[in-house]
Every structure is written in structure tokens, then in C-alpha cells.
Amino acid sequence: MEYNEILNEHITIKELFEAMPVALALVNREGEYLLVNNALVSLGGVFHANLIGQKIGEISPIAELNSREDFKLFDAGIEVPDHELTINGDFFQVSVSPLRDNQGYAIAEMVAITNISKIKKIETQLYETNKKLVLLSNQDPLTALLNARGFYETIGNLIEEEADEQMVYSVFFIDIDRFKQINDTYGHQMGDAVLVQTAGVIKALCRDNDTIGRVGGDEFSVFLPKTAYKEAYLLAEALRAEIERLIPVAEDASLKITVSIGVAEGKGKSISLMDVQSKADCAMYTAKRKSGNQVSGVF
């Protein structure tokens, strides 16, 4: 059939509506379904051929509210943006356009509906996978603590968030005494046991809002927000004493371990985080030079 012949055919709006491959519904200002096409009915679920005459609110109260807002925007001459709608666990993208009378008054709206549940599921899976990848990239696989990258990124963000309050904070640098000798004498299995158990003590004694990281082979660091030097020093001493009580065992060998801890205090952005870390690091080496197994600090 030629183009002009098609135009001359007496095709009703309803027939044209039914022939559309997109899921469509025609809804009046009262929120009633005037027409639904086969593509919409084929979506199944709440969409069925008996929708005509029913109110949108019977299907979805949210959709009813959206429809009311649509007509307000139509009356104001504003285009309605696409939006998403969830019905019974399924996700739909909804696009609408007004059907106007000769005076330009919106008497109904054409609603195009696309089921995007599969897309949403993929998006969720990608989001969860990305979260796991970020976690793995910021986590030390042996101790499950933050690695150096994750640790410094986390505490940098914390200081930035609290910058206006000039938050007082403290930092620990913790180094396992004679760790290389432990590895050389007892092997890496014992070395790993020492690292894991030391990390366990640090996690057990530190507070929920403290940030802990394994920042080197045998080095750990702890960021203590809203904690002044004196309180931090007492916690460092408690850590040192508890770690000294550990007796790691690997391949039937056991040994006692000790740590040297450096403590330093910072305040907001008045001193850079790296300077505070450097002070804590220097204090830790001071403790090691004094034979280790002690806490040293600087204000």
C-alpha cells in the first residue's frame, strides 16, 4: 500500500494506539485509565486488559501522585522529565506527554512504560562488585585492616570533614620489634601469625571510631579522632602491654613479641597530617633506640 493510501485509510486512534510496539496507557486528569495497549498488557503483573476505568492509585499510590504532578507541570507549560517507578518489586521507567484539547488544555496524558528490572539488577550487581573491588584495593589481605592507601585516604577525608571544628586528634605508629629476625629465624608462617595477632589486639583495644591500618611490612598506624595526647598515650601503653602478653604459635614454635609505639597529636589543618605522622614515626624510632617495648610521644 502506498504512503498516500495509508493516510487515506480510516484508522481510529484506538487502532493506532493498539498497534504501537511501546507499552502505552492513556490516563485522564482524574487518574483513570482510558486506554491500554497490548504491549502494556504483555508486561503482565499489575498491567492487564481490565485496567480501563480503574484508577492509577489502585495500581500504585506513588504513580497516582506522580500523575497529579504531571498535570501541574503540563498546565505550567513545563516538560515532565522521565522518572522511575517501583511496583511489586519491579522497576519501570515512565515517560509522559500531554494530550491537549483545541484550547491547549491538557485533558489526558500518554504514559509510556518500560520494564527496566533487568537493567536495575545488572546495575546493582555492578555496584556491589565495584564496592568489593574498592574494598579489596584498600584492604590488607593478611590482617583485613586498611592498607596504606586506604588508611591515608580515609583519615584525610575525616580531617577534611572536621576541618572547621579544628578537631584535635592523635596518631600512633606501631612497629613490631625485631620482626626481621623473627622472619629469618622462624619463617614467614610465624611472621604472618605475629602480624595477624598483633592486628587483632589493636582492633580489640581501639575504639569503633578509630581508624587502623597496616601501613608497612611490620608497621601499623592508628588515627584517633577527637583524642588529645594524654588519652592517646594511655591507650598506646595499654596496647603495648597487651601485645607483650601475646605468644604467637606457628609450626610448634612459640615466642614473645613486643612493639615500639610513637604517639603524636594534631589539630585540624594547623599542622599537616603528614607532619603529625612524621612526628609519630620519629617518636616510634626513639622508642626502638631505647631497646623497644615502650611508648614514646611528642606534642
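## Basis of the model

The model is predicted: local features need pLDDT of at least 70, side-chain atom pairs count only at pLDDT 80 or more, and totals for chains, interfaces and linings use all residues. Residues are numbered from 1 along each chain as its sequence is written, and side-chain values use heavy atoms, with hydrogens and water left out.

## Overall form

The protein chain contains 11 helices and 12 strands. Helices (H or I, at least four residues) and strands (E, at least two) are DSSP runs, numbered from the N terminus.

The radius of gyration of the protein chain is 33 Å, whereas a compact globule of 299 residues would have one near 19 Å. This radius is taken over C-alpha atoms, and the globule rule is 2.2 Å times the number of residues to the power 0.38. Along the principal axes, the C-alpha atoms fill a box of roughly 100 × 45 × 35 Å.

## Burial and contacts

Of the 299 residues in the protein chain, 41% are buried. Buried means under 20% relative accessible area, exposed over 50%, and partly exposed in between (1.4 Å probe, protein chains only).

Contact means heavy atoms within 4.5 Å. Among contacts between residues at least 6 apart in sequence, 60% join residues at least 24 apart.

## Two nonpolar cores

A nonpolar core is a set of buried Ala, Val, Leu, Ile, Met, Phe, Trp, Tyr and Cys residues joined through side-chain atoms within 4.5 Å. The largest one has 30 residues, of which F172, I174, I202 and I261 touch the most other members. Elements giving two or more residues to this core are β6 (168-176), α8 (179-186), α9 (188-205), β8 (219-225), α10 (229-244) and β11 (259-267). A second, separate core has 24 residues, including L40, V80, V111 and I113. In soluble globular proteins, nonpolar side chains tend to be buried together.

What does I202 contact beyond its neighbours within four places in sequence? Its partners are I174, I212, F220, V222, L239 and I243.

## Two residues with positive phi

Most residues other than glycine have a negative phi. N88 is not a glycine, yet its phi is positive, about 50 degrees. N88 sits in the loop between β3 (83-87) and β4 (90-100). It counts as exposed because its relative accessible area is 69%.

K226, also not a glycine, has a positive phi of about 50 degrees. K226 belongs to the loop between β8 and α10, and its relative accessibility of 57% is why it counts as exposed.

## Three further residues

Is N147 buried or exposed? N147 is buried, because its relative accessible area is 17%. It is found in the loop between α6 (117-138) and α7. Not counting residues up to four places away in sequence, N147 touches S137, N138, Q139, D140 and R214.

E161 is part of helix α7 (residues 148-161) and is exposed at 61% relative accessibility. E161 and G268 are 107 residues apart in sequence, with 9.7 Å between their C-alpha atoms.

N115 lies in strand β5 (residues 106-115). With a relative accessible area of 33%, N115 is partly exposed. Leaving aside neighbours within four places in sequence, N115 contacts L43, F91 and F92. L85 is 30 residues from N115 along the chain, and their C-alpha atoms are separated by 9.5 Å.
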